[in-house]
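Thanks for coming. Please bring the structure up on your screens.

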Amino acid sequence: MALNGNLRINGDRLWESLMEMAKIGPGVRGGNNRQTLTDADAEGRRLFQTWCEAAGMMVTVDKMGTMFATRPGTDAEALPVYVGSHLDTQPTGGKYDGVLGVLSGLELVRTLNDLDIRTKHPIVITNWTNEEGARFAPAMLASGVFAGVHTLDYAYARTDPEGKTFGEELKRIGWVGEEEVGARKMHAYLEYHIEQGPILEAEDKQIGVVTHCQGLWWLEVTLTGKEAHTGSTPMDMRVNAGLAMARILEMVQAVAMENQPGAVGGVGQMFFSPNSRNVLPGKVVFTIDIRTPDQAKLDRMRARIEAEAPAIAEALGVGCSIEAVGHFDPVTFDPVLVGRVRDAAERLGYSHMNIISGAGHDACWAAKVAPTTMIMCPCVDGLSHNEDEEISREWAAAGADVLLHAAVETAEIVE
């Protein structure tokens, strides 16, 4: 049964929650730095738990630190409907990436409480640990363990740039739960997120009905050259790992452009060693990020990069090794749930369009274990993973309204 088209969430209350959470782990220019398993992450978790318990939910935590806040259903045997996203951010992240999905789930429950609406299926709000992967690669780590893609031991052994392990840091901040990861079952999973791209704003649409998610490979490249003085080493006697990196970056650009439309590739992280102004790097480590919704293209791009990068390095006398540190295949979301999102947007009078997610999300792994879909709202100029990330109150509320209707229809209203 669908909700009446007049029923909406409390947009002001949602916005106030977003702004309150944004006070935790502030960035340097208006965004957030609340990286996973930091003290700021722990503080954000505590605030979220307080809000959930005030809304009458029971909060439990699994061994990956993922939080589950449950609003009971009327049928004790019915599997829960899950909504959520993540509270961790990039080092220079915005106030909405991930957070909007978690706090819209909270607002959904608050609205049901206000209206005294009961559902057959429980509704569970989820805060997945380490979605971003900024501190511990790969991204979507906890949802990956939940879906059986990674083992718990693998996740606990991930290290950050300072050599600290995921398992140690999870314990340090006090968020290791007792629940076995992946033990709970899902009736469905819905995730609301900002688009993180410019399409919805450019098309003047309020809602993105997400039909697919791009596949992804993160390929970590390690180049080994020879440290040498930049001023006194002749050009023809250098073993320049930095030059090899530059040429590989050009190659990645070419590979992406030759696989248009619908393919992207680039590098967002690199480390030079010793990283001195007048020393040629002896070691360069960087991560290539390639994505496309087309499986054949994704396979072809990876194969070409893994073949050409070592050849480029070898021509310069530079050693090269490549390790895959993140991956998921293209995802097709559940057509029934996609239809519910589209119907909800139409019922509520919101303009909408089908869209493919360019970013990875926990929904990509959830789709391996339960019917899954996503909802998106625009973000200004398509900016995300940037402290200038911005959305409007109206955009935030519109997507939360659609989430309310699609999730409650899935959870089945009890009259």
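E132 is in the loop between β5 (123–127) and α4 (141–146). Helices here are DSSP runs of H or I with at least four residues, strands are runs of E with at least two, and both are numbered from the N terminus. What you see is a predicted model, in which local features need pLDDT of at least 70 and side-chain atom pairs count only at pLDDT 80 or more, while totals for chains, interfaces and linings use all residues. Residues are numbered from 1 along each chain as its sequence is written, and side-chain values use heavy atoms, with hydrogens and water left out.

Is E132 buried or exposed? E132 is buried, because its relative accessibility is 7%. Buried means under 20% relative accessible area, exposed means over 50%, and partly exposed is in between, with a 1.4 Å probe and protein chains only.

Now its surroundings. Leaving aside neighbours within four places in sequence, E132 is in contact with H86, D88, T89, Q90, D97, A139, W218 and H385. Contact means heavy atoms within 4.5 Å. With Q90 there is also a polar contact between side chains, at 2.9 Å. A polar contact is a pair of N or O atoms within 3.5 Å; within protein, one must be able to donate a hydrogen and the other to accept it, and residues adjacent in sequence count only if both atoms are side-chain atoms.

Next, D97. D97 lies in the loop between β3 (81–85) and α3 (99–115). D97 is buried because its relative accessible area is 4%. The side chains of D97 and H86 make a polar contact of 3.3 Å.

Another histidine is worth a stop. H121 lies in the loop between β4 and β5. H121 is buried, because its relative accessible area is 5%. A polar atom of the H121 side chain lies 2.6 Å from the backbone oxygen of L79. Not counting residues up to four places away in sequence, H121 touches several others, including H187, T410 and E412.

Now two aspartates with positive phi. D116 has a phi of about 55 degrees although it is not a glycine, and D116 lies in the loop between α3 and β4 (118–119). The phi of D204 is near 55 degrees, and D204 sits in the loop between α7 (199–202) and β7 (207–213). Are they buried or exposed? D116 is exposed because its relative accessibility is 62%. D204 is exposed because its relative accessible area is 65%.

Stepping back to the domains. The chain is divided into domain 1 (11–213 + 330–414) and domain 2 (216–328), with bounds from an automatic or database domain assignment. Their centres, taken over C-alpha atoms, are 33 Å apart. How much area do domain 1 and domain 2 bury between them? About 920 Å², 71% of it on carbon and sulfur atoms. P138, P330 and W365 supply 43% of the area that domain 1 buries against domain 2, more than any other three residues. Buried area is the accessible area, with a 1.4 Å probe, that two parts lose on being put together, summed over both.

In contacts, 12 residues of domain 1 meet 11 residues of domain 2. Across this interface there are 0 salt bridges, a salt bridge being a side-chain nitrogen of Lys or Arg within 4 Å of a carboxyl oxygen of Asp or Glu. There is 1 residue pair in polar contact, both at pLDDT 80 or more.

Last, the unreviewed UniProt entry places "domain: Peptidase M20 dimerisation" at residues 214–311. Over residues 214–311 the chain is 36% helix and 35% strand. A cis peptide bond joins Q260 and P261, with omega about 0 degrees, and P261 lies in the loop between α8 (241–258) and β10 (264–273). The bond from S273 to P274 is cis as well, with omega near 15 degrees; P274 lies in the loop between β10 and β11 (279–280).

Note on methods
UniProt positions are given in the numbering used here, feature names are shortened, and annotations may be inferred rather than shown by experiment.
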